[in-house]
Amino acid sequence: MVAEGIAPSAISAFESTFKSLVSGATGIIPESTISPVPELVHTDSLSIEPDSELLASTVVLKLNGGLGTGMGLDKAKSLLKVKNDETFLDLTAKQVMCMRKEFGQNVKFMLMNSFSTSDDTLEFFRTKYPNLAAEEGLEMMQNKVPKIDAKTFEPATCETDPSNEWCPPGHGDLYAALIGSGRLAALLKGGFKYMFVSNSDNLGATLDLKILTHFATTDASFMMECCERTENDKKGGHLAIRNEDKHLILRESAMCADEDEKDFQDITKHKFFNTNNLWIRLDKLQEIVDKCGGFIPLPMIKNNKTVDPKDDSSQKVVQLETAMGAAIECFEGASAVIVPRTRFAPVKKCNDLLLLRSDAYIITEDFRPVLNPACGGKAPVISLDSKKFKMVQALEEATSEGVPSLVGCERLTVKGKIRMGRSTRFIGAVSITNTSDEAKYVSGKIEDAELDVSNDVGLGPLKPSVVNSAPIAGQKPGTSGLRKKTKEFMTENYLNNFVQSVFDAVIAGGTNVSDGTLVIGGDGRYFNPEAIQTIIKMGVANGVKRFWIGENGLLSTPAVSAIIRERGPVWQKAFGAFILTASHNPGGPDEDFGIKYNTQNGGPAPEYLMQATHANTGTIKSYKICKDMPDVDISKVGTTEIAADDGSSSVVVDVIPSTESHVALLKTIFDFDAIKALLEREDFTMIYDSMHGVNGPFAKSVFVDEFGQPESVLSNHIPKDDFNGAHADPNLTYAKELVATMGLDRKGNKIDVSGPIPSFGAAADGDGDRNMILGTQFFATPSDSLAVIVANANSIPFFSSQGGLKAVARSMPTSGAVDLVAKDLNLDFFETPTGWKFFGNLMDSKAVFKGKDYTPFICGEESFGTGSDHVREKDGIWAVLAWLNILAAKNPDASKPLVTVEDIVKEHWGKYGRNYYCRWDFEGMDKTGANAMMDKMRSDAAANTGRKVGSYTISTADDFKYTDPVDGSVAQKQGVRFLMSDGSRVIFRLSGTAGSGATVRMYIEQYEQEKLDMPVAVALEELTKIALELCDIKTFCGTETPTVIT
């Protein structure tokens, strides 16, 4: 605990409870040692005049350390939606703001988070309530304590996840946290005397000025708010008097012996329970702490668990906890009061959540949930099947058609699984039984009835089945999703496991998949059609109601982003998408397959979602699928609706024109009339090679259908599931047919060609997000292409109509050509790791993160990816149209000689200088050797810094680290860099996009202002030799010969 930096106060508190454990103490409080509490003062009877001056010395603290694992949650329980799409924290934040407005004072507000809830909670406040997030001292961290081996009492171990070796010490840690963090001393120094504490899931617990005044005037050291126990509360803890010293004490359920259970649950004997709304005199707390040696000794609560909460077979452990209400026995002069039920509306089980979400509760003007007056002062008693409705996910599925009406209900008892909807009205006493294994739908008005729905008709084709499975190793998604060999994806449960893991992560992240639409499409590679049918059936089983599928299953990656962002109507807006692609990797039964998930902003899944998905793949036990649902015909545009047999719901699958949304968006970005005029010039010809990938239909829609060009301007534009046996990667090596047509060889050197050479050439990769730009016997490198587009952005209406570019970004390995343009044009500039998600954050800085607006925005990577903020993916056809738009702007008069791609690039070099640049790809390298090579360069970084190599001096050798300026996240180990004193660079990275083996990428760059026409190989000859020596790839990987040179 010391090594973990845990405060001495928390260590002392743990030591106290641990000594109780090893001494044989059970923490049990026998019935014979206590007496019932006599009548208490009810706050409704108080006639005291509220004193608002007390607010200046009062602090409000919400306990927010719980994950709600008992309800199947793995994030802060307070982020659970409880009413009208608002979470506990939404309502809490609004209560605080309302309280401040009502009292006219900035009443101090604090949260006690745990190591499990801190990140989620602070991100929530930063995003939705930035003013609260910015307040000093908002967060106080709960401590953590080791789990104890149930047999040996040694610290528990968990090799698969060491974080499981620790647990929160219960809310009794409040006192140790206040002491250890220094907050108690700071509050006392700041003049604070009173603290009001409550649980974050109790939305009825707001600062009541009359209760505060009563607490202050009675001079109590500690005051507990209690409610009178009802049948719903009989299993919870109660207040009692200890016979030995007549102290008020708290007995929790874990402190009750089995033989005393009857007395424990007797609500006529033990009438009052602790709401966990506590009032504490901070000066009295300090006195007790000083007296007890730096902590408060609280009764031990012993909880028997497993070290891995998701694995019942893992090591048996004891978790030692304490309850903050138990401190009532430590304070001399402690008291208790009865408060109305309006101050107690917690959610501990799905029973509570259903009740709170229903019309039995309403939200007041000060954002408190209170019982609907129509209930007559008595809340319905809800008893859902404790096994079937233990987890929130089960309740979400049961109410996917809406929450039923409970305002007229007295008692609802459910045995088995049922489904309900907005049309369901329970009145009086209702009991429902279902002994079948399928959840049955209950609808309409049901009054004072006992129903057995076991034999009722069910969902039919929409019935979800739960299929047992087990984790499959190696399903960790990278920045481009999960890529493996096709045959591996086709093995039993491989695809299903990953898809279910994504759905679980997305739903746990707060996305309601029953609202909006799921987009599915891909690049047409082998196994796509079968995978699409599987995802549809699994989507339905997980609650998805509507799908948009590209015709024939075809959707380019940028098109998916455009559909998510642009396609309507609003009530059908997409919440996310599965994209079936391995990008530029080869396709076919013996080649690669891939799948990635994009979120509602149109961009790739953020890091937290990928991490959650990967974690799910390691613990998955089953997946859901509608086995009886028929396949959907995705070969033609149209709508298929499949209805449940019981009429409760239906699923709509819209097969949409693949190119429609994306092309419509592109038409708003570029000057199509000017481009059309360029294409119609007699001295202008072009060829666009789609390499038999998904880009073909998009190229045809734009160049043939929109611009009226003959289909002969398109090459390899019919998608094939194996890309015609080729490698659909638009570079000088793999786009060899186009490269030869444009009069070049694989190194970019000119070759003799019989016949005319087109003025303009372009290529796309398998999923249509990459591009290569060529002129007549001229190759525009991706880095130069990016710089030229940025320099000429005002030629494009999308940018000029918005007042011009605001910011640009490039990946770290991309050459510094665009840096010079950004500096010249006074644009915000960013150097990021490789991965489009980093660009996406910058694009969404204002809209999502409430930060600076960097749009309009252009970004790019040396790996043939270029784009802007029109979508959240790189966009190959966008880059092609950007070049054509620039060419059109440079050639307004058809009577004058054509300004070519080469002319534009060389003019650019003349102004900004030239960044000689190349990339060597060593594909299919042994992963162990490649990683060892990278580790060696990292370990030698300090020694290499300042070293002279040939005619160069290494000014800095490091491993690129990036702190995101938008969300503060840190990306490490993003590439080994050798930065020379003259500005030249040598960079090494391992690519994460290969389906098998490792791809080592070596980048070499040298800047020249005067020598602009040297062959690249000549300009970089010495630096290339130095690079090979620095990495020693021959030793580690057995070769110095790259598979691709760009």
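Begin by selecting Pro477, Gly481, Tyr597, Ala605 and Met610, which lie nearest the centre of the second largest cavity, among its 15 lining residues. A cavity here is a set of points, on a 1 Å grid over the protein atoms alone, where a 1.4 Å probe fits but cannot get out; lining residues have an atom within 4 Å of a point. This is a predicted model, in which local features need pLDDT of at least 70 and side-chain atom pairs count only at pLDDT 80 or more, while totals for chains, interfaces and linings use all residues. Residues are numbered from 1 along each chain as its sequence is written, and side-chain values use heavy atoms, with hydrogens and water left out.

**The second largest cavity**

About 120 Å³ of space lies in this second largest cavity, a volume being the space filled by probe spheres set on grid points that are joined across faces, edges and corners. Helices (H or I, at least four residues) and strands (E, at least two) are DSSP runs, numbered from the N terminus. Coloured by class, the lining divides into nine nonpolar, five polar and one charged residue. In this scheme Ala, Val, Leu, Ile, Met, Phe, Trp, Tyr, Cys and Pro count as nonpolar, Asp, Glu, Lys and Arg as charged, and the others, Gly among them, as polar.

**The largest cavity**

The search of the whole structure finds three cavities of 30 Å³ or more. For the largest cavity, select Ala13, Phe14, Pro169, Gly172 and Thr322, the closest to its centre of the 18 residues that line it. The space in the largest cavity is about 170 Å³. Helix H1 (8-22) provides the largest share of this lining, five residues; helix H5 (173-180) and strand S17 (316-321) each supply at least two. Twelve nonpolar, four polar and two charged residues make up the lining of the largest cavity.

Next, colour the chain by domain: domain 1 (2-343), domain 2 (350-456), domain 3 (511-657), domain 4 (661-912) and domain 5 (914-1045). These bounds come from an automatic or database domain assignment. The centres of domain 2 and domain 4, taken over C-alpha atoms, are separated by 57 Å.

Which domains each give at least three residues to the lining of the second largest pocket? Domain 4 and domain 5 do. A pocket is an open set of points with protein on both sides within 12 Å along at least five of seven lines. The volume of the second largest pocket is about 770 Å³. Centre the view on Lys747, Gly748, Asn749, Pro1015 and Val1016, the closest to the pocket centre among 32 lining residues. Strand S46 (914-925) is one of the elements that each supply at least two lining residues, and S46 gives the most, with six. The pocket lining has 17 nonpolar, seven polar and eight charged residues.

**An enclosed helix and a buried threonine**

Select helix H21 (residues 782-791): nine of its ten residues are buried, so the helix is largely enclosed by the rest of the structure. Buried means under 20% relative accessible area, exposed over 50%, and partly exposed in between (1.4 Å probe, protein chains only).

Move to Thr43, in the loop between strand S2 (41-42) and strand S3 (58-64). Thr43 is buried, with a relative accessible area of 4%. Not counting residues up to four places away in sequence, Thr43 touches Lys210, Ile211, Val337, Ile338, Val339 and Pro340, where contact means heavy atoms within 4.5 Å.

**Backbone stops**

Most residues other than glycine have a negative phi, and most peptide bonds are trans. Select Gly568 and Pro569, whose peptide bond is cis with omega near 5°; Pro569 occupies the loop between helix H15 (557-566) and strand S32 (574-580). A cis bond also joins Thr855 and Pro856, with omega about 0°.

Lys246, not a glycine, has a positive phi of about 65° and, at 60% relative accessibility, counts as exposed. Lys973 likewise has a positive phi, of about 50°, and is exposed, with a relative accessible area of 56%.

Finish at Asp967, in the loop between strand S49 (962-963) and strand S50 (970-971). Asp967 is partly exposed, with a relative accessible area of 30%. Leaving aside neighbours within four places in sequence, Asp967 is in contact with Asn841 and Phe849.
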